[in-house]
Amino acid sequence: GKIAQEWGASDLDMILRNASGIEGEYEYSPPLKGHASLHNGQFTYVIGPANGSQPLDGNAGTYVIDGDKVKCTFTYSTDAKKVGTSFSWSVKSWSGETLTYVTYNEKNEQNGEGRTVRISQ
């Protein structure tokens with residue numbers, strides 16, 4: 001009749017993701033086109049130039065929120081060299097449902113900026 005072990009389960013990770021407000025479905029804005037989805041630590045996106053000069057690039061993987069950045073690790077990509085690599089991004093600003101973001105490479109150097117419009121959560 002004595003307690004030998006006590007186990008706890010936390011949904012803190014889920015709470016942090018939801019609090020960040022990033023989860024949802026997005027459409028990229030020119031000069032890019034494509035779609036992104038972020039849910040429950042998983043992401044997928046298809047992206048390419050809006051002018052159609054190159055084929056769309058498809059990617060999927062996992063993400064974690066690390067301070068003010070979202071770190072994404074590729075588990076699938078149409079570019080096999082990306083699998084196992086990662087990049088980070090952060091929210092630069094929100095305006096209505098338009099998210100302006102900044103991307104960073106593996107060395108944490110800013111290497112891009114873009115916009116998406118959230119079409120659903």
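The secondary structure of the chain comprises 1 helix and 8 strands. Helices (H or I, at least four residues) and strands (E, at least two) are DSSP runs, numbered from the N terminus. Along the sequence, the elements follow the order α-β-β-β-β-β-β-β-β. The model is predicted: local features need pLDDT of at least 70, side-chain atom pairs count only at pLDDT 80 or more, and totals for chains, interfaces and linings use all residues. Residues are numbered from 1 along each chain as its sequence is written, and side-chain values use heavy atoms, with hydrogens and water left out.

The chain has 121 residues, and 36% of them count as buried (under 20% relative accessible area, with exposed over 50% and partly exposed in between; 1.4 Å probe, protein chains only). The accessible surface is about 7800 Å², computed by the Shrake-Rupley method with a 1.4 Å probe; for residues, only the protein chains shown count as cover. Carbon and sulfur atoms account for 53% of this surface. Contacts are heavy atoms within 4.5 Å. Of those between residues at least 6 apart in sequence, 24% join residues at least 24 apart.

Strand β1 spans residues 24-28. It is largely enclosed by the rest of the structure, because 4 of its 5 residues are buried. β1 pairs with β2 (residues 32-39) in the antiparallel sense, over 4 bridges. Pairing requires at least two DSSP bridges between two strands. A hairpin of 3 residues joins β1 to β2. Here, Y26 has A36 of β2 as its bridge partner.

β1 also pairs with β8 (residues 110-120), again antiparallel and over 4 bridges. In β8, T116 is the bridge partner of Y28.
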